[in-house]
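The sequence and the structure are shown below.

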Amino acid sequence: LMMISGLKWQEEDDWILQQIKSCGKPILLLINKVDLIKEKDRLLPFLNEVSKKYDFYQILPISAFRGENIAALEKIILSFQNVLNLGNKYRLYLSGI
């Protein structure tokens with residue numbers, strides 16, 4: 001799981017991506033603070049640009065503050081149990097979402 005803030009991909013985001021790519025596991029990219037984006041028509045081109053940086057498992061725009069797309073995030077996180085072949089040995093529990 002990797003999260004960036006709004007329509008900003010910063011130098012340290014490249015470094016973080018390089019570190020987690022080495023794990024060899026799917027990466028879910030969250031774009032937080034979409035509620036603060038005034039020009040919503042900029043979101044789709046930004047998502048397209050970011051998707052070229054890595055073959056992310058999924059890219060999900062969210063607003064943690066307003067709760068936008070949090071239910072979708074919960075479903076995606078729960079699906080990771082199957083994607084990562086965790087079986088019943090590990091379980092992902094979410095609380096407070």
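This is a predicted model: local features need pLDDT of at least 70, side-chain atom pairs count only at pLDDT 80 or more; totals for chains, interfaces and linings use all residues.

## The sheet

Three strands form an open sheet in the order S1-S2-S3, and their pairing is parallel. Strand S1 (2-5) and strand S3 (58-61) are the edge strands, each of which pairs on one side only. From one strand to the next, the twist averages 20°.

Strand S2 (residues 28-32) pairs with S3 in the parallel sense, over four bridges. Within this pairing, Leu28 has Gln58 in S3 as its bridge partner.

## Helix H2 on the sheet

Helix H2 (residues 43-51) packs on the sheet and touches S1, S2 and S3. The direction of helix H2 makes about 150° with that of S3.

The buried residues in H2 are Leu43, Phe46, Leu47 and Val50. Because the buried residues of H2 fall within an arc of 100° when seen down the helix axis, they line one face of the helix. The cover over these buried residues includes S1, S2 and S3.

Ser63 lies in the loop between S3 and helix H3 (70-83). Ser63 has a relative accessibility of 0%; since the cut-off for burial is under 20%, Ser63 counts as buried.

Leaving aside residues up to four places away in sequence, Ser63 touches Asn32, Lys33, Val34 and Asp35, as well as Glu68 and Ile70.

How values were computed
Residues are numbered from 1 along each chain as its sequence is written. Side-chain values use heavy atoms; hydrogens and water are left out. Two strands pair if DSSP finds at least two bridges between them. Helices (H or I, at least four residues) and strands (E, at least two) are DSSP runs, numbered from the N terminus. Axes are lines fitted to C-alpha atoms, for helices over the stretch in contact, and angles run from 0 to 180 degrees between N-to-C directions. Contact means heavy atoms within 4.5 Å. Buried means under 20% relative accessible area, exposed over 50%, partly exposed in between (1.4 Å probe, protein chains only). The arc is that of the directions from the helix axis to the C-beta atoms.
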